[in-house]
Amino acid sequence: QTDFYIAERRAGMKLKPFEMGAPPVITVPADTVEEWVVENWTNEVHAFHIHQLHFRVLAVNGERQADPPLLDTVTVPAAVKNGTAEDGAVAPGTVRIKMAFPAALAGDIPFHCHLVDHEDNGMMAVLRVLPPPGTIQKAQLFDPSIFSRAAICTPAGTTGKAQPQGG
C-alpha cells in the first residue's frame, strides 16, 4: 500500500497520512484572506479540492492566470526535473490560490486530493476557521463519527438504535 500526504510546510511538520479525529493541520482566523501555494513533489498530477468555499487560481507553475474563475478543485501539475540528470534536482508543480474565510464558515473544513485512491490512502486534511473574537457562535467542528455505519443507517430526524436502510 502506498501512503499519500497533504500537510502545511512548517518547522516541526511530519509527513503522515490523515487520521480521523486528528486535530486540524491549519488554523485560520475568520474574515481573513490567504494565498496558498500548493506544491506537488510527485511525478503524477493531484487534484486539490476544498469543501465549503471557493478559491481563485492566481498562478500555475509560476505562470500568472488571466481572469481566473472561482473553483473548488484544481489540478496541481506533477514535479519536473530541474537541472541536469546527474544532479537529480526536482522542482515541484505549483498552484498559487487565493481564498477568503468568512465568519459564517467558522468550524472545520476538509481538503484533500480529489483522486479517490490518494484520498483513501491519507491525502486529506482539515483546516479550522476560528470564529471572530467575542462572537457567540457554535463552530461546526469536524466529527468523524458521522461516517460510522450507525450514523449512515439512521434515517434523518430519528433517535435511538440505527436501522439499516435498503438491502
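**View 1. Buried residues and surface of the predicted protein.** Of the 167 residues in the protein, 31% are buried (under 20% relative accessible area, with exposed over 50% and partly exposed in between, 1.4 Å probe, protein chains only). The accessible surface is about 10700 Å², with 54% of that belonging to carbon and sulfur atoms (Shrake-Rupley method, 1.4 Å probe). This is a predicted model, in which local features need pLDDT of at least 70 and side-chain atom pairs count only at pLDDT 80 or more, while totals for chains, interfaces and linings use all residues. Residues are numbered from 1 along each chain as its sequence is written, and side-chain values use heavy atoms, leaving out hydrogens and water.

**View 2. Strands and helices.** Here you can follow 12 strands and two helices (DSSP runs: helices are H or I, at least four residues; strands are E, at least two; numbered from the N terminus). From the N terminus on, the order is β-β-β-β-β-β-β-β-β-β-β-α-β-α.

**View 3. Trp 41 and its surroundings.** Look for Trp 41 in the loop between strand 2 (32-40) and strand 3 (46-50). Trp 41 counts as partly exposed because its relative accessibility is 46%. Val 90 is 49 residues from Trp 41 in sequence, with 7.8 Å between their C-alpha atoms.

**View 4. Confidence along the chain.** Mean pLDDT is 77 for the protein (the predictor's confidence in each residue, from 0 to 100). Over residues 148-167, pLDDT stays under 50. Where pLDDT is low, the predicted coordinates should not be read in detail.

How values were computed: Contact means heavy atoms within 4.5 Å.
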